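Work through the exercises below with the structure open beside you. Try each task before you read its solution.

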Amino acid sequence: NPRGWLALADFAEDHLLWSRRTEALRKLIAVDPDNAEAHARLDEARLGKEWLPVEEVEAREAESHQSRGLAYYGSKWLPSQEVSKLLEADHKAVGWKVQFRVDTPHLRIYSGRPLGVTRGIAGLLENEIAAYYRFYGKVWRLEPRPGPFTVYLFSDRDTYLRVAKAKGIPIEGDGDAGKYHSSSQILFVSVVEGADGVTLNVEGA
């Protein structure tokens, strides 16, 4: 029963049972191979007749679009010249050089990182937000936020420190951690890449 496996995946996720969650979603796909929700929650996307890791699909799509003179902005591919003008306006608005802007249902990310990294982090944050509302929404009856979170994803620590200082964000210690600044409602993200993958460091401020 597909709904039963999906309910089990929800239960496992709510209780942080990640291996059980993955197992339930794989069982669901076994009985319903094209279940889009299950594939999405496993970070998979469709390319032709195949379901592949989202990163692989996005990389192939990016290569195809870029070969035709397009660039990514927000949630779509646009002519490169148009994107350059949009990013210039973003640069003036946020006060630092933005390489990409990625929009998702809950996020507006201004990024100095490569597109693949930015979209991967966007997916990670979206999954966290969805899990947060799914779990705490039942307990506290939370209403969805009426608009996207603004996220600054910096290319390096120096830029993070400079922009944080300009915005009046208090930095403690060596300043390696990102911060959520409640006054401006901006999430400042510092990314640490290591042998185990990408880690996001975020603290409240």
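**Exercise 1. Find how the axes of helix H1 and helix H2 cross, and name the arrangement.**

Solution. The model is predicted, so treat each value as computed from that model.
- Step 1. Locate the helices. H1 covers residues 2-14, and H2 covers residues 18-31.
- Step 2. Take the axes. They come within 8 Å and cross at roughly 165°.
- Step 3. Apply the cut-off. Angles over 145 degrees count as roughly antiparallel. H1 is therefore roughly antiparallel to H2.
- Step 4. H1 passes H2 in a left-handed crossing.
- Step 5. List the residues that meet. On the H1 side they include Trp5, Leu6 and Ala9. On the H2 side they include Trp18, Ala24 and Leu28.

**Exercise 2. Describe how strand E6 pairs with E5 and with E7.**

Solution. 
- Step 1. Start with E5, residues 100-103. E5 and E6 pair in the antiparallel sense, over 4 bridges.
- Step 2. Pick out one pair. Aspartate 103 has arginine 108 in E6 as its bridge partner.
- Step 3. Trace the link. A hairpin of 3 residues joins E5 to E6.
- Step 4. Turn to E7, residues 149-153. E6 and E7 run parallel and are joined by 5 bridges.
- Step 5. Isoleucine 109 stands opposite valine 151 in E7.

**Exercise 3. Decide whether the buried residues of helix H7 line one face.**

Solution. 
- Step 1. List the buried residues of H7, which spans residues 157-166. They are Thr159, Tyr160, Val163 and Ala164.
- Step 2. Look down the axis of H7. These buried residues fall within an arc of 125°, so they line one face of the helix.
- Step 3. Recall the general rule. An α-helix has 3.6 residues a turn, so residues three or four places apart point the same way.
- Step 4. Look at the face turned away from the buried side. It carries the exposed residues Asp158, Lys165 and Ala166.
- Step 5. Step past the end of H7. Just after the helix, glycine 168 takes a positive phi of about 75°.

**Exercise 4. Is threonine 159 buried or exposed?**

Solution. 
- Step 1. Threonine 159 lies in helix H7.
- Step 2. Read its relative accessible area, which is 15%.
- Step 3. Compare with the cut-off. Buried means under 20%, so threonine 159 is buried.
- Step 4. Find its contacts. Leaving aside neighbours within four places in sequence, threonine 159 is in contact with Trp96 and Phe154.

Technical notes. Residues numbered from 1 in each chain as written. Predicted model: local features only at pLDDT ≥ 70, side-chain atom pairs only at ≥ 80, totals over all residues. Heavy atoms only, no water. Pairing = 2+ DSSP bridges. Helix = DSSP H or I, 4+ residues; strand = E, 2+ residues; numbered from the N terminus. Buried < 20%, exposed > 50% of the residue type's maximum accessible area, 1.4 Å probe, protein only. Arc of directions from axis to C-beta. Axes fitted to C-alpha atoms, helices over the stretch in contact; angles between N-to-C directions. Parallel < 35°, antiparallel > 145°, perpendicular 65-115°, else oblique. Left-handed = near helix turned anticlockwise from the far one by under 90°. Contact = heavy atoms within 4.5 Å.
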